Amino acid sequence: MKKLFLIVSLSNLIFSCTPTIEQGIKMEYPQTKKVDQVDEFFGTQVSDPYRWLEQTDAPEVKEWIEAENKVTFDYLSQIPYREKLESRLRTLWDYEKLSAPRKRGAYTYYYKNDGLQNQSVLYRTKDGAEAEEVFLDPNKLSEDGTTSLSGSSFTKDGSLFAYSISQGGSDWREIYVKNTESGELLEDKIIDAKFTGITWNGNEGFYYSSYDRPKDGNKLVAKTQFHKLYYHKLGTPQTEDKLVFGGEETPRRYIGAGLTEDERFLVITAAESTSGNELYIQDLSKPNSEIIPIVSNFENEHYVVDSDGDKLMIFTNLDAPNNRVVSTSIDNPTPETWKDLIPETENVLSVSTAGGKIFASYLVDAKSEIKQFDKTGKLERTIDLPGIGSAGGFSGEEEDTELYYTFTSFINPSTIYKYSIANGESELYWQPEIDFDFSQYETKQVFYTSKDGTKVPMFITYKKGIELNGKNPTYLYAYGGFNVSLTPSFSVTRLVWLEEGGIYAQPNLRGGGEYGEKWHKAGTKMQKQNVFDDFIAAAEYLKKEKYTSTEYLAISGGSNGGLLVGATMTQRPDLAKVAFPAVGVMDMLRYHKFTAGAGWAYDYGTADDSKEMFDYLNGYSPVHNVKAGTVYPATMVTTADHDDRVVPGHSFKFAAELQEKQAGDNPVLIRIETKAGHGAGKPTSKIIEEAADKWAFAFYNMGYETLP
């Protein structure tokens, strides 16, 4: 690939003199400098004039961020009802939130947020005592709430607690260890952990995963290539940690570890992309035992569910696109010996264990159905759920007699139920109290037809009695990738949209996991256009059925969903009035050159693969398909300066292209959050502020001088 680069001085970052006027709000976009950067792909030259914006830690980029944010927040501050929306969001959000409890040793642990705390606090109660105590408060890790608890693990006896923290939303982690009885923080500290769990081996140490710190370049941007699995022995420095898997002998992009509940077997998964993995096992009961391969290719997905003596239960989609559970012997655990324990069905399966039982969670048209099996694969019961929605949390220890699960939907906040494993009875354990009349709202599921005739499901939530006159503000949100399933879920921020007369629509596009691996693959690589077509068809259905019309439609998505919005608005700029591409993958020719991006090639392919793949990616890459003189929707791009999953340079370049080439008066803003990442661990205060900005921007650009 031939590259040419011309450095342009910082003095070229100036402001345009031509104001953009939208309903009385005047703006002056930064006149973003352009450089003479040209890349060559298979004989085709592609210009990249905003390449310099990829260097997010460069002083000139920081100056650009400040200039763009000033334009954005000046605009938003002038929307007359923006403060009212934020006030209502704070009121709605200010309710107690609780996680399902889990017992560890002599204590029962749970997370609680009293309402507006930036981070939820880990509490515990001791057996036989009613008084609760704070065990770990992440709000005390930083003054502004931007340091979050990102993972945790107790030893089997509950005496030690290891936890990882993220600073500013970064995927890079630090791991600490705490004595649960004394509360003492041990001297052990792990840095540069990333995409990692924490897996204890007895009370002596734990396994974790890490990448080498990038030698050159910004840690938040530089490519991470080879994952490594380490074992850390308590009381020793990290420099003495033992490399267990990975490195030069077995280079892999992603490596994870877990132990079976009896702590006999170390289970290792290794992958090159976000789909498909190798599977290895090591018998820790035998000193110096070898790591044995069970599956030695990346063609399918597998993990060990549990063990029972010398038998293994393995979850797999090998020869089963909707997944199955098989059993095998440790003596010869390779796939040719596998026998079905829970066979594949027409519905997508995921599994967990508790109390000596297997809990099978099925997706039935993107809704939860839970079945309980014994360890021989015999069906014991289908669990009665509170309604149509999403249920989760059916996991626990072998000796447990009860467990706690959560149930939620678009109009049902997450509620906790206690479940008796022996008799299958559920009882309400905890229900939140929110100042909102949910009885006035309803959700229905429809099936619409995409461009190629495929039937696609979509959930639509709205206030009862709504008039289908084409004038309802509608927020269409989707994802469509990486085998991710969008199921019914609850969002406090969404309530404000609904009570102001808005409609929320969520289609289950191809590329997701709602109908198994076939559905996933139908939205990958050379079939990625199916995802965009499904999304466009969802919008057209909503307009055809008079839920809304172009002037009252907002399209939204984050990460891969940000790509979805970017591609949709460049292909169909007339589809919607408002667009919210969030933390999106916008440069499809270079995404694999940053942080963990190379691992997404299973879904996307790369521009280096072949001329055919390059042409396909170049044909829909949002950054490369913004056309001058086109009227694009009123757009607010959102990203964050610490996003090292989808680096913010994607969004920076897309926003610059839109601001340069937008015709008409629809505004193009970019909202760049500071000390925040891809989304996980974001403080409550930042979530509320961003939601208020989005709703205000949407309503204002739909023409509302006052709220509906």
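Reader: Why does Asn288 count as exposed?

Author: Residues are sorted by relative accessible area: buried is under 20%, exposed is over 50%, and partly exposed is in between (1.4 Å probe, protein chains only). Asn288 comes out at 79% relative accessibility, so it counts as exposed. This is a predicted model, where local features need pLDDT of at least 70, side-chain atom pairs count only at pLDDT 80 or more, and totals for chains, interfaces and linings use all residues. Residues are numbered from 1 along each chain as its sequence is written, and side-chain values use heavy atoms, with hydrogens and water left out.

Reader: Where is Asn288, and what is its phi?

Author: Asn288 is in the loop that links strand E23 (278-283) to strand E24 (292-295). Its phi is positive, about 60°, although it is not a glycine. Those strand names come from DSSP runs numbered from the N terminus (helices are H or I, at least four residues; strands are E, at least two).

Reader: What about Phe482: buried or exposed?

Author: Phe482 has a relative accessible area of 17%, so it is buried.

Reader: Why are H3 and H10 called roughly parallel?

Author: Axes are lines fitted to C-alpha atoms, for helices over the stretch in contact, and angles run from 0 to 180 degrees between N-to-C directions. Under 35 degrees counts as roughly parallel, over 145 as roughly antiparallel, 65 to 115 as roughly perpendicular and the rest as oblique. The axes of H3 (residues 492-499) and H10 (residues 684-701) cross at roughly 25° and come within 10 Å. H3 and H10 are therefore roughly parallel.

Reader: Which residues meet there?

Author: From H3 there are Thr493, Arg494, Val496 and Trp497, and from H10 there are Ile687, Ala691, Trp695, Ala698 and Phe699. By class, this contact has 7 nonpolar, 1 polar and 1 charged residues. Nonpolar covers Ala, Val, Leu, Ile, Met, Phe, Trp, Tyr, Cys and Pro; charged covers Asp, Glu, Lys and Arg; the others, Gly among them, are polar.

Reader: What makes H2 oblique to H10?

Author: H2 (residues 82-93) packs against H10 at about 135°, with the axes 9 Å apart. That angle makes H2 oblique to H10. The residues of this contact divide into 9 nonpolar, 1 polar and 5 charged.

Reader: Why is H1 called roughly perpendicular to H10?

Author: H1 (residues 59-77) and H10 pack at about 65°, with their axes 10 Å apart. That makes H1 roughly perpendicular to H10. Phe73, Tyr75 and Leu76 in H1 meet Asp693, Phe697, Tyr700 and Asn701 in H10.

Reader: How do you know which hand each crossing has?

Author: Look at the near helix: if it is turned anticlockwise from the far one by less than a right angle, the crossing is left-handed, and if clockwise, right-handed. H1 and H10 cross left-handed. The crossing of H2 and H10 is right-handed, and H3 also passes H10 in a right-handed crossing.

Reader: How do you know that the protein agrees with a compact globule?

Author: The radius of gyration is taken over C-alpha atoms, and the globule rule is 2.2 Å times the number of residues to the power 0.38. For 708 residues a compact globule would be near 27 Å, and the protein has 26 Å, so the two agree. The C-alpha atoms fill a box of roughly 75 × 60 × 55 Å along the principal axes. The protein has 10 helices and 44 strands, and 60% of its residues count as buried.

Technical notes:
Contact means heavy atoms within 4.5 Å.
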